[in-house]
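This report describes a single protein chain for a reader working from its coordinates. Please consider the sequence and the structure shown below before reading on.

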Amino acid sequence: MLVCLFETHPDVQDVFMPFKVLTKDELRHSTELRAHGLRVMGFVQKVVARFEEPDKSEALLQELGKNHVMYGAKMDYVDVSTFYSPQYLKLSKLLILQNYSSCLIP
C-alpha cells in the first residue's frame, strides 16, 4: 500500500525517515514498511469504525498526531483537524472499500 503511495507521490517518501533512502526494490521487500502499512490500515479501520462517533475519531487522530510529532514529523504533515468530520469519515470508508478492498486483510 505505501509502496504504491511512494510511486504515485515520490515526494511523500521523503517524509518517512526510515524509508527515505530506500530504492523501489528495497521498499517492495521491506518488512518494516509492510508492518507500517498494516498499522496504518489498522488505524484507518479503527477510525472508520467510529465514523458515527466523531469525538472518538478525533481523539484517536489527535493521539496519532502527537505520536508522530514525538517521532519528529512536522506539524504540517500531522494536522488532523480536517480528518474527523462525519462527512470525511464516510467518504474515507467508501473510498477505502472501493479502492483498497483487495489490500485489506479479512
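Among contacts (heavy atoms within 4.5 Å) in the protein between residues at least 6 apart in sequence, 38% join residues at least 24 apart. This is a predicted model, in which local features need pLDDT of at least 70, side-chain atom pairs count only at pLDDT 80 or more, and totals for chains, interfaces and linings use all residues. Residues are numbered from 1 along each chain as its sequence is written, and side-chain values use heavy atoms, with hydrogens and water left out.

The protein has six helices and zero strands, so that helices and strands here are DSSP runs (H or I of at least four residues for helices, E of at least two for strands), numbered from the N terminus. Read from the N terminus, the order of elements is α-α-α-α-α-α. Of the 106 residues in the protein, 22% are buried; buried means under 20% relative accessible area, exposed means over 50%, and partly exposed lies in between (1.4 Å probe, protein chains only).

Confidence is expressed as pLDDT, the predictor's confidence in each residue, from 0 to 100. Its mean over the protein is 76, and 69% of the residues reach 70 or more. Helix H3 (residues 24-28) has the highest mean, 90, whereas helix H6 (residues 86-100) has the lowest, 63. Where pLDDT is low, the predicted coordinates should not be read in detail.

On the H4 side the contact is made by Phe-43, Lys-46 and Val-47, and on the H5 side by Ser-57, Leu-60, Leu-61 and Leu-64.

Ser-57 belongs to helix H5 (residues 54-70) and counts as buried because its relative accessibility is 0%. Its side chain reaches the backbone oxygen of Arg-50 at 3.0 Å.

His-36 is located in H4 and is buried, at 18% relative accessibility. Leaving aside residues up to four places away in sequence, His-36 touches Leu-2, Phe-16 and Phe-19. The side chain of His-36 also makes a polar contact with the side chain of Arg-39 at 3.1 Å; such a contact is a pair of N or O atoms within 3.5 Å, where within protein one must be able to donate a hydrogen and the other to accept it, and residues adjacent in sequence count only if both atoms are side-chain atoms. Gly-37 is likewise part of H4 and is buried, with a relative accessible area of 10%.

Lys-20 sits in the loop between helix H2 (10-13) and H3. Lys-20 is partly exposed, its relative accessible area being 40%. Apart from residues up to four places away in sequence, Lys-20 touches Gln-13 and Asp-14.

The table lists two C-alpha separations.

| Pair | Separation along the chain | C-alpha distance |
|---|---|---|
| Lys-20 and Phe-6 | 14 residues | 9.9 Å |
| Gly-37 and Leu-2 | 35 residues | 6.1 Å |
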